[in-house]
Amino acid sequence: RVLNGIVWKFRTGTAWRDVPERYGPWATLHTRFRRWAADGTFDRMLRAAQAKADAAGDVEWLVSVDSTIVRA
């Protein structure tokens with residue numbers, strides 16, 4: 001429930017105080033977000049999701065970057 005509330009907040013761009021009550025108290029969501037960001041929880045979650053997707057062959061690691069600049 002807490003993670004869903006945090007995701008909802010960032011997907012909508014709303015203020016913490018405007019997160020629907022179904023996700024729990026907004027202050028709890030904000031506190032948990034700050035704690036998880038500081039202690040590396042989100043980084044570990046991302047690495048775990050990437051490893052799982054990579055093991056299943058669902059990730060294409062080839063990236064093409066174009067650095068062309070066009071002046072108007």
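Modeller: Please note that this is a predicted model. To begin, α2 is followed by Gly40, whose phi is positive, near 85°.

Colleague: How many residues does α2 have, and what does it reach from its first C-alpha to its last?

Modeller: Helix α2 has 14 residues. Its end-to-end C-alpha distance is 20 Å, close to the 20 Å expected at 1.5 Å a residue.

Colleague: And what about α3?

Modeller: Helix α3 has 15 residues and spans 21 Å between its first and last C-alpha, close to the 21 Å expected at 1.5 Å a residue. Just after α3 comes Gly57, which takes a positive phi of about 75°.

Colleague: Where is Trp16 found?

Modeller: Trp16 is in the loop between α1 (2–12) and α2 (26–39).

Colleague: Is Trp16 buried or exposed?

Modeller: Trp16 counts as buried because its relative accessibility is 14%, and the cut-off for buried is under 20%.

Colleague: What is Trp16 in contact with, leaving aside its neighbours within four places in sequence?

Modeller: With those neighbours set aside, Trp16 is in contact with Ile6, Lys9, Phe10, Trp26, Leu29, His30 and Phe33. Ile6, for its part, touches Trp16, Leu29, Phe33, Trp36 and Phe42, not counting residues up to four places away in sequence.

Colleague: Let us change topic to the chain start. Where does Arg1 lie, and is it buried or exposed?

Modeller: Arg1 lies in the segment before α1. Arg1 counts as exposed because its relative accessibility is 63%, and exposed means over 50%.

Colleague: What does Arg1 touch, not counting residues up to four places away in sequence?

Modeller: On that basis, Arg1 touches Arg22, Tyr23 and Gly24. Arg1 and Tyr23 are 22 residues apart in sequence, yet their C-alpha atoms are 5.4 Å apart in space.

Colleague: Finally, which residues make the nonpolar surface patch?

Modeller: Leu3, Val7 and Met45 make that patch, with an area of about 210 Å². Met45 lies in helix α3 (residues 41–55). With a relative accessibility of 34%, Met45 counts as partly exposed.

Terms used
Residues are numbered from 1 along each chain as its sequence is written. This is a predicted model: local features need pLDDT of at least 70, side-chain atom pairs count only at pLDDT 80 or more; totals for chains, interfaces and linings use all residues. Side-chain values use heavy atoms; hydrogens and water are left out. Patches are made of residues with over 30% relative accessible area and no salt bridge: like charges are joined within 9 Å, nonpolar side chains (Val, Leu, Ile, Met, Phe, Trp, Tyr) within 5 Å. Accessible areas come from the Shrake-Rupley method with a 1.4 Å probe; for residues, only the protein chains shown count as cover. A salt bridge is a side-chain nitrogen of Lys or Arg within 4 Å of a carboxyl oxygen of Asp or Glu. Helices (H or I, at least four residues) and strands (E, at least two) are DSSP runs, numbered from the N terminus. Buried means under 20% relative accessible area, exposed over 50%, partly exposed in between (1.4 Å probe, protein chains only). The expected span of a helix is 1.5 Å times one less than its number of residues. Contact means heavy atoms within 4.5 Å.
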